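Please consult the sequence and the model alongside the points below.

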Amino acid sequence: MGKKLTRRDFARTSMAAGAGAAAAVALPGALLGKESGALAAAALTTGAGATTTGTVTAAAAGAAVARRRRITMPPLVMYGGMNEFGDGRDALLENTLTPAGQTPPNYRGGWKEGTTIPVEYYIDEAIYAHDERFLADHFWFMVDHHSRIPKPGDYFVFEFGRGESVIVLRNQAGEVKAFHNVCRHRGSRLCQHGFDEVRPTEALPDAKPADKVLSMVQLGASGNTPVFRCVYHAWTYDLDGKLVAFPTGMPNNFDASQHGLHPCHVKMVQGFIWLSLARNEAPEFEPWIGNWKAVADKFDMANLKIGTRLKAPTKANWKLVVENFRECYHCFPSHTKSYSVVHQIYGDPNTATDEQRSRIDAEIAKHGHPARPRGPNIGQQGYARGGDSPTQEASGGGMGGGGPMGSHLKLGYVTGSLDGKAIAPLLPTEKKWDDLSYRAVSGFSTSWMMAYNDHVAVVRFTPRGVQSTDAEIFWLVHPDAKEGKDYDAKRLQALWGNTYREDRWICENQHLGILSSRYNARGGQPYAAQEGGPASFIQWYMREVIPSLGAKQTDVV
């Protein structure tokens with residue numbers, strides 16, 4: 001049981017415990033939980049659902065896996081709607097529909113495949129609440145890269161939904177762990193939020209009091225600390241989530257070992273941190289990482305570091321954000337100064353002729369990158385996708401064979417910069433420019449990355465409310481690269497930062513538009529032939545998520 005400290009003890013130590021300075025601070029041994037014995041051996045990864053009360057036996061873990069609910073996934077679709085065949089073409093609508101001769105499911109409200117869904121699925125608070133609970137129980141979210149928390153005591157807060165948040169930290173043993181950001185006493189947040197900027201009225205963005213006469217001390221959204229101390233009643237937890245100190249007054253039979261922080265499921269892939277907020281067993285993990293691991297392995301991303309990041313909170317429902325991500329029907333009209341400059345190598349897909357394409361293909365072939373044949377879901381003269389880009393199979397096979405698939409950049413471009421010129425040192429695994437980019441996406445398109453020879457752009461989308469989605473981009477660079485000397489943060493951000501700012505405009509404007517009484521006034525509107533990406537996602541949503549809408553929920557776990 002943790003040692004009880006008097007309020008006078010806490011008064012002497014509260015400033016040190018709450019400051020969150022990078023350097024370790026002097027605290028009473030009891031406050032740091034030194035009586036708990038030696039820490040575990042150092043490790044860089046944790047298993048899903050690690051607890052503070054012991055190790056789950058292999059038998060119990062096996063039973064847990066058996067109890068998991070397996071949900072199907074929509075087809076794998078890259079940014080801009082690139083299909084799962086890796087042939088550089090759109091996922092087509094015709095291939096997402098129930099095959100001819102088979103009977104489609106009976107969808108709620110008589111919804112028809114291949115059409116948009118009614119507005120209530122985007123704006124109804126009860127439906128959003130159902131979405132949020134479904135995602136928490138069945139999804140894995142890529143939240144960041146471990147280079148953000150390199151030292152013991154480093155932490156950051158991941159925010160999800162309307163009120164959930166998770167403290168992601170590195171403990172004294174070097175492990176990455178995650179705990180729900182809520183005190184086990186009466187529910188106060190241990191750390192303030194940084195992304196949504198929702199905080200106590202008297203608090204500044206760095207969590208300090210707006211007025212120095214106030215005595216409050218609370219941790220901010222990121223930093224370094226030896227312990228997490230609740231601002232309310234000073235319950236204090238160590239870096240393993242253990243309750244190590246609390247004021248006197250609890251019942252004599254109070255067992256501190258049963259009141260550690262609630263752990264969150266954690267997985268690591270090449271330095272990327274993945275969380276599941278499932279209340280019981282986490283969902284299967286392997287289906288989520290798809291080709292993510294293949295691309296991350298190719299560039300040994302665990303040994304890269306974050307060069308810069310951009311937050312882009314978006315005032316639109318999460319489904320609109322994901323739908324936009326999964327098609328490039330909009331790319332040439334909407335991204336003529338950003339994405340299209342680098343990745344639409346044939347120019348306007350609606351006007352480019354076969355002769356123009358053949359000429360460009362011939363030039364690309366001179367680079368040793370012949371265009372791959374079209375995939376089985378593309379007709380011989382099918383629409384060339386908005387982000388049309390011939391692909392080159394890297395060593396190790398294609399997307400289905402464990403190796404990443406590279407897409408050719410615009411002729412004369414060596415990387416993902418607006419002028420096509422290098423913007424950072426070559427990554428440690430790269431010896432030369434290959435004129436390709438490599439895409440990877442998580443299951444359900446909630447995170448995505450594009451890797452170039454000198455950097456990697458990584459994007460995550462996180463639902464926050466019925467009209468709120470967090471979007472964040474961070475860029476990985478060579479571990480020895482120095483900002484201001486080896487790369488300029490603004491140049492690094494330009495391509496994908498500007499592309500998403502344009503996407504944010506699109507999504508927010510669409511959310512405003514669907515509020516009109518004339519949206520879907522005569523039933524669902526048809527998706528275009530090359531919008532199989534969003535169409536397949538909505539079909540999955542209506543088949544997997546909506547059927548349980550209205551079912552009795554319980555928070556007891």
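Helices α5 and α13 pack at an angle of about 85 degrees, with their axes 12 Å apart. They are therefore roughly perpendicular to each other, given that angles of 65 to 115 degrees count as roughly perpendicular, under 35 as roughly parallel, over 145 as roughly antiparallel and the rest as oblique. The model is predicted: local features need pLDDT of at least 70 and side-chain atom pairs count only at pLDDT 80 or more, while totals for chains, interfaces and linings use all residues. Residues are numbered from 1 along each chain as its sequence is written, and side-chain values use heavy atoms, with hydrogens and water left out.

- Helices (H or I, at least four residues) and strands (E, at least two) are DSSP runs, numbered from the N terminus.
- Axes are lines fitted to C-alpha atoms, for helices over the stretch in contact, and angles run from 0 to 180 degrees between N-to-C directions.
- I127, H130, D131 and F134 in α5 meet W540, Y541, E544 and V545 in α13, where contact means heavy atoms within 4.5 Å.
- This contact of α5 with α13 comprises five nonpolar, one polar and two charged residues; Ala, Val, Leu, Ile, Met, Phe, Trp, Tyr, Cys and Pro count as nonpolar, Asp, Glu, Lys and Arg as charged, and the others, Gly among them, as polar.

**Packing of α8**

- The axes of α8 and helix α13 (residues 532-545) come within 8 Å and cross at roughly 145 degrees.
- On the α8 side, W318, K319, V322 and E323 meet P534, F537, I538 and Y541 of α13.
- Six nonpolar, no polar and two charged residues make up the contact of α8 with α13.
- Helix α8 (residues 318-325) also packs with helix α12 (residues 489-513), their axes coming within 10 Å and crossing at roughly 130 degrees.
- Helices α8 and α12 are therefore oblique to each other.
- The contact involves L320, V321 and N324 of α8, together with Y500, D503, I506, C507, Q510 and H511 of α12.
- By class, the contact of α8 with α12 has five nonpolar, three polar and one charged residues.

**Charge pairing**

- Side chains of opposite charge can pair when their charged atoms come close.
- The whole structure contains 15 salt bridges, each a side-chain nitrogen of Lys or Arg within 4 Å of a carboxyl oxygen of Asp or Glu.
- R133 forms a salt bridge with D137, and their closest N and O atoms are 3.1 Å apart.
- Both R133 and D137 belong to helix α5 (residues 125-138), where they are four residues apart, about one turn of the helix.

**Three-stranded sheet**

- An open sheet of three strands has the order β2-β11-β10 with antiparallel pairing; two strands pair if DSSP finds at least two bridges between them.
- β2 (141-145) and β10 (265-269) stand at the edges with a single partner strand each, so one side of each is left without a neighbour in the sheet.
- The twist from one strand to the next averages 30 degrees.
- Four bridges join β2 and strand β11 (residues 272-276) in the antiparallel sense, and L275 in β11 is the bridge partner of F141.

**Four-stranded sheet**

- A sheet of four strands, open and antiparallel in its pairing, runs in the order β5-β4-β3-β6.
- Its edges are β5 (176-180) and β6 (222-224), each with a single partner strand, so one side of each is left without a neighbour in the sheet.
- Neighbouring strands of this sheet are turned against each other by 25 degrees on average, direction ignored.
- Strand β4 (residues 164-170) pairs with β5 in the antiparallel sense over five bridges, and the bridge partner of V166 in β5 is H180.
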